Amino acid sequence: QSASGHVLDWTDPVYVDDNNQTVPVECTANKGQVVSLGSHNVYCWAQNFQRNNRCKFTITILPPACEAPDPPTNGVAVCGAVENFQQYCTVRCNDRYDFARSPADAYICDYSGNWHGSP
């Protein structure tokens with residue numbers, strides 16, 4: 001997985017013919033296909049059979065969860081997530097307190113589950 005995409009993978013459904021023999025499966029997505037975070041519907045059916053025997057399943061790709069950072073002493077950390085599911089946090093001091101060194105504008109959880117400051 002990376003910021004640019006994640007690889008789809010699943011266990012194929014099993015279809016059998018009238019002789020109880022398994023038949024090849026076709027799907028609307030390919031294993032190994034790179035997709036974005038979010039939910040992806042996959043439809044599969046028995047190859048060379050009518051498509052009314054298809055099944056549907058949903059693969060949901062989520063980013064790794066970053067553990068919420070501790071707030072600064074005499075301050076708070078405010079965290080959330082943006083549309084692409086990526087987590088972020090900002091920090092600020094309570095009234096009458098200030099940082100000895102200016103923090104980043106925001107801290108972003110990368111796709112490996114680590115926090116990084118952004119300008």
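In what order do the strands of the open sheet of three strands run? The order is β4-β6-β7, and the pairing is antiparallel. Before we walk through the rest, a word on the model.

This is a predicted model, in which local features need pLDDT of at least 70 and side-chain atom pairs count only at pLDDT 80 or more, while totals for chains, interfaces and linings use all residues. Residues are numbered from 1 along each chain as its sequence is written, and side-chain values use heavy atoms, with hydrogens and water left out.

## The two sheets

Strands here are DSSP runs of E with at least two residues, numbered from the N terminus, and two strands pair if DSSP finds at least two bridges between them. In the three-stranded sheet, β4 (25–27) and β7 are the edge strands, each pairing on one side only. From one strand to the next, the twist averages 30°, with axes taken as lines fitted to C-alpha atoms and angles running from 0 to 180 degrees between N-to-C directions. Seven bridges hold the antiparallel pair of β6 and β7, and within this pairing Ser39 stands opposite Thr60 in β7.

The other sheet to look at is an open one of four strands, in the order β8-β9-β10-β11, again with antiparallel pairing. Its edges are β8 (75–81) and β11 (115–118), and each of these pairs on one side only. Here, too, the twist averages 30° from one strand to the next. Strand β8 is joined by seven bridges to β9 (residues 87–93), and the two run antiparallel. Val76 is found opposite Arg92 in β9.

Which residues make up the largest nonpolar core? There are 11 of them: Leu8, Trp10, Cys27, Ala29, Val35, Leu37, Val42, Cys44, Ile59, Ile61 and Tyr111. A nonpolar core is a set of buried Ala, Val, Leu, Ile, Met, Phe, Trp, Tyr and Cys residues joined through side-chain atoms within 4.5 Å; buried means under 20% relative accessible area, exposed over 50%, and partly exposed in between, with a 1.4 Å probe and protein chains only. The elements that give two or more residues to this core are β6 (38–46) and β7 (55–61).

Leaving aside residues up to four places away in sequence, Leu8 touches Ala29, Asn30, Lys31, Gly32, Gln33, Val35, Ile59 and Ile61, where contact means heavy atoms within 4.5 Å.

A polar atom of the His40 side chain lies 2.7 Å from the backbone oxygen of Ser36. Beyond four places in sequence, His40 touches Val35, Phe57, Thr58, Ile59 and Ile61.

How many disulfides does the model contain? The count comes to three, taking a disulfide as a pair of cysteine sulfur atoms within 2.5 Å. With the bonded cysteines numbered in sequence order, the pairing reads 1-2, 3-6, 4-5.

| Disulfide | S to S distance | Torsion about the S-S bond |
|---|---|---|
| Cys27 and Cys44 | 2.0 Å | 105° |
| Cys66 and Cys109 | 1.8 Å | about 80° |
| Cys79 and Cys89 | 1.8 Å | about 105° |

The Cys27 and Cys44 link is right-handed. Because Cys27 lies in strand β4 and Cys44 in strand β6, this pair ties together parts that are 17 residues apart in sequence. Both Cys27 and Cys44 are buried.

The disulfide of Cys66 and Cys109 is right-handed. It links distant parts of the chain, with Cys66 in the loop between β7 and β8 and Cys109 in strand β10 (residues 106–109), 43 residues apart. Cys66 and Cys109 are both buried.

The disulfide of Cys79 and Cys89 is right-handed too. Cys79 sits in strand β8 and Cys89 in strand β9, so the bond connects parts 10 residues apart in sequence. Cys79 is partly exposed at 41% relative accessibility, whereas Cys89 is buried, with a relative accessible area of 1%.

Cys55 is partly exposed, with a relative accessible area of 24%. For Cys93, the closest cysteine sulfur belongs to Cys79 and lies 15 Å away, also too far for a bond. Cys93 counts as buried at 17% relative accessibility.

Conventions:
Polar contact = N/O pair within 3.5 Å; in protein donor to acceptor, adjacent residues only side chain to side chain.
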